[in-house]
Amino acid sequence: MKYVAGIDIGSTQAKGIIMDEHSEIVGKAILDMETNMGTAAQRVFERVLANANLSYSDIAFTVATGYGRYRVTFGDLQVTEISCHARGALAEFPNTRTVLDIGGQDTKAIRIGDSGEVTDFAMNDKCAAGTGRFLGAASFALEMPLSDLGPLALKSTRPVKITTTCTVFAETEIIGHLAKGHLPEDVLMGMHHSIATRCASLVRRVGMAPDVTFSGGVSRNVAMVALLEDVLGTPLNVSSQSQFMGAIGAGLYALDNLQAAKRSQTAYATGSK
Amino acid sequence: MPKPDIAIASSLCNVYIKWAEIWERQFNTPAFVLDIPGKRFAAWKSAAGSPQHLSDARWVEGQFRDLIARCEQITGKKFVMDRLAEVEEHVNEMIRLWVDILAFNQNRPAPYNSMLDGLTYMGVLNAWRGTSEGVEYMRLLHEEVAGKVARGEGRVSDERFRLIFSGTPCYVNMRRLIELFEIHGGVFAASDYLTYAAGGLDCAGLFYDTSRPLESLAEVTTLASQMGLSNHFFSHHALAQQMKDFSADGIVYHGIKSCRTVATSMADNREYVTTRHGMPTLYIESDLIDPRYWSDAQIKNRVDAFFEVLEQRARLEGR
C-alpha cells in the first residue's frame with residue numbers, strides 16, 4: 001500500500017493528513033503555527049506520521065499548500081489553497097459549486113465549474129476584518145475561548161451593531177459596548193453579523209451557485225453557520241473535517257500525481273518550487 | 001535633476017495635478033492644468049470632425065494658446081509654429097511604428113512582454129517624443145521586433161498562456177510582478193497601459209495634420225484623451241475585441257490606490273468579461289509607486305492560484 005500526504009501551512013495553524021491509495025484518510029494532525037514555518041511544517045508532518053503509524057519512507061508523494069507551502073522542504077509539489085480547498089470540498093460534497101473558506105486571517109470565496117475546475121476566486125485584501133482574526137479579537141476582549149463564542153452568540157436577543165471595519169479597533173469597540181452595559185452575547189452576535197456580511201459580499205463577487213460548502217476553522221462556529229445561511233439564503237455544507245479541507249485537497253492532488261506517475265504521465269496540477 | 005520651470009498637467013490625471021501642486025509648494029514652480037473634456041456618457045461617440053468634437057477641441061486649443069503665452073513669458077523665447085509642425089511630424093512617424101509594434105504581439109509567441117520590455121519601449125517613446133532620435137529608435141525597435149516575429153522568437157521560451165493586462169505597472173516592483181507570471185509561462189501580449197500612457201493616439205489611428213499644427217494638436221489631444229483614457233469607464237467592448245485579436249487566455253486587472261480613473265472601472269469590466277465571455281480573470285491590488293501597498297505573499301498566492309485555474313481549464317479543453 002502506498003501513501004500520500006497533504007500539508008497545509010496556514011497563517012494560524014498547520015494541518016497535515018495522510019491518505020492511502022484509495023483516498024482513505026489514515027492520519028491527521030493539527031498544531032498552532034510558530035514563527036518558523038519550516039519547523040512547523042516538519043513538526044506537523046512528524047505528528048501526522050505518528051498518528052498514522054507510518055514513517056517518512058512510506059510517503060510516496062507530498063503536496064504542500066497554504067501561505068507557507070514554499071517552506072515545506074520535504075514537499076514534492078506546491079498547490080495553492082484555492083485549488084486545494086475546492087478539491088477537498090468536492091471530495092466530501094460532490095455537488096459543491098461554491099466554497100466559502102474562513103481561516104485565521106484569510107477568507108476565500110471559490111467558484112467551481114461543473115467539471116470540478118475552479119473558475120473564479122476572491123480573497124480579502126490588505127485587511128483581516130471578516131476573518132477568524134475578528135473572532136480572535138472578540139475572544140481576547142471577552143476573555144473567553146474561541147469555542148465558546150458561537151454558542152454564546154446564539155443566545156443573543158438584541159444584537160449590537162458593530163460599526164468598525166477594523167479588526168484591531170474592534171477590540172476597543174467591544175470593550176466600549178460592554179462598558180455601556182450591553183450583554184456579551186449581543187456584542188458577539190454583532191461581531192458575527194459583521195463577519196457574515198463581509199464574507200457574503202465575497203461570495204457574491206464570484207457568483208454563488210448551490211451547493212455552498214463552508215470550510216476553514218471558523219466553520220466550526222455554530223453561530224457563523226447559522227448567520228451565513230441566513231445572509232446567503234441557502235443551507236451550507238459543513239464538514240466535521242472542515243479545518244483539514246485544504247490538507248485533504250492537497251492529499252488528493254498528491255494522489256493524482258501518484259497515479260499519473262504509475263501511468264508515466266506528467267504531473268496533474270501546476271506547482272512551483 | 002534641475003528644478004522645473006513649469007509643471008503641465010491635465011484633468012485626465014488627478015495624481016499629476018497633485019504632483020504639480022507639490023512642486024508649486026516646494027520649488028515655486030508655476031503649474032498649468034489643462035482641462036480636457038472627457039466622454040460624458042456610455043454611448044458617447046468621439047467622432048473626429050463632429051460638432052461636439054470640434055467644440056471640445058476649441059476649448060482645448062484656447063488653453064494651448066494660454067500655455068504658449070505662459071511658456072514664452074517663462075523662457076523669454078517666442079513660440080515657432082513650424083517647430084511644432086516638425087515635432088508633430090516626428091510623432092506621427094513614431095506612432096505609425098508604435099501601432100505596428102503593438103500589433104506584432106498578436107503573433108504567437110509574443111515577441112515581448114507588454115508590461116516589462118514594452119514599458120521600456122514606451123518610456124523611450126514618451127521621453128524622446130517628437131525628436132529625430134525618437135524616430136530613429138522606433139525604426140530600430142520596429143526592425144528588431146519584426147525580426148523576432150519572423151524567427152518565431154518569444155519573450156519566454158515556453159509561452160503557455162497569453163494574457164492581457166489592464167491597469168498600470170507597479171513601478172517599485174515592476175519586474176517582480178511580471179516575473180510572477182512569466183515563471184508560469186504567462187506573457188502579457190497586450191495591455192491598455194501601452195495605449196493610454198503613450199498618449200492614446202494608437203487606439204484610433206490618430207495623426208497630426210501638420211498643415212494646421214495648433215488646431216490639430218487640440219483636435220488630436222481631445223480625441224486621444226476621450227478614446228484612450230476617459231474611455232476607461234466604457235472600455236469593455238474594446239477589450240472584448242482585444243481578447244480575440246491577441247488570442248487571450250485570461251485578463252489580469254491591477255487595481256491601484258494612486259489612480260482612481262484607471263481602477264474604478266475594473267470591477268464592472270471584470271464582471272462583463274467573466275460573465276459575458278467566460279474569460280478567466282484575476283484581480284490584484286497594489287500601487288503605481290507606493291511600496292507600502294505591495295504585499296508579495298498575497299499577490300503571489302493569487303497569481304499561482306490563477307495559473308492553476310488556467311491549467312485546469314486548459315486540461316478540460318485538451319490543450
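Residues are numbered from 1 along each chain as its sequence is written, and chains are lettered from A and ligands numbered from 1 in the order in which they are written. Because the model is predicted, local features need pLDDT of at least 70 and side-chain atom pairs count only at pLDDT 80 or more, while totals for chains, interfaces and linings use all residues.

Chain A contains 8 helices and 10 strands (DSSP runs numbered from the N terminus, with H or I over at least four residues for helices and E over at least two for strands). The radius of gyration of chain A is 19 Å, close to the 19 Å that the globule rule gives for 273 residues, so chain A is as compact as a globular protein of that length. The radius is taken over C-alpha atoms, and the rule is 2.2 Å times the number of residues to the power 0.38. Along the principal axes, the C-alpha atoms of chain A fill a box of roughly 65 × 40 × 30 Å. Of the 273 residues in chain A, 53% are buried (20 or more other C-beta atoms within 10 Å of the residue's own; exposed means 12 or fewer, and partly exposed lies in between, with C-beta atoms placed from the backbone). Among contacts in chain A with a separation of 6 or more, 68% are between residues 24 or more positions apart; a contact requires C-beta atoms, placed from the backbone, within 7 Å.

Chain B contains 12 helices and 6 strands. A compact globule of 319 residues would have a radius of gyration near 20 Å, and the 20 Å of chain B agrees with this. The box filled by the C-alpha atoms of chain B is roughly 65 × 40 × 40 Å along the principal axes. Buried residues make up 40% of the 319 residues in chain B.

Between the chains, 18 residues of chain B are in contact with 17 residues of chain A. Helix H12 (residues 296–316) of chain B gives the most to the chain B side, with 13 residues. By class, this side has 6 nonpolar, 6 polar and 6 charged residues (Ala, Val, Leu, Ile, Met, Phe, Trp, Tyr, Cys and Pro count as nonpolar, Asp, Glu, Lys and Arg as charged, and the others, Gly among them, as polar).

Within chain B, helix H3 (residues 81–104) and helix H5 (residues 132–151) pack at an angle of about 20°, with their axes 9 Å apart. Axes are lines fitted to C-alpha atoms, for helices over the stretch in contact, and angles run from 0 to 180 degrees between N-to-C directions. H3(B) is therefore roughly parallel to H5(B) (under 35 degrees; over 145 is roughly antiparallel, 65 to 115 roughly perpendicular and the rest oblique). By class, their contact has 11 nonpolar, 4 polar and 3 charged residues.

Two cis peptide bonds are described here. One joins A:Pro210 and A:Asp211, with omega about 0°, and A:Asp211 is in the loop between helix H6 (184–206) and strand E9 (212–215) of chain A. Another joins B:Arg108 and B:Pro109, with omega about -5°; B:Pro109 is in the loop between H3 and helix H4 (117–127) of chain B.

Definitions and conventions
Contact = placed C-beta atoms within 7 Å.
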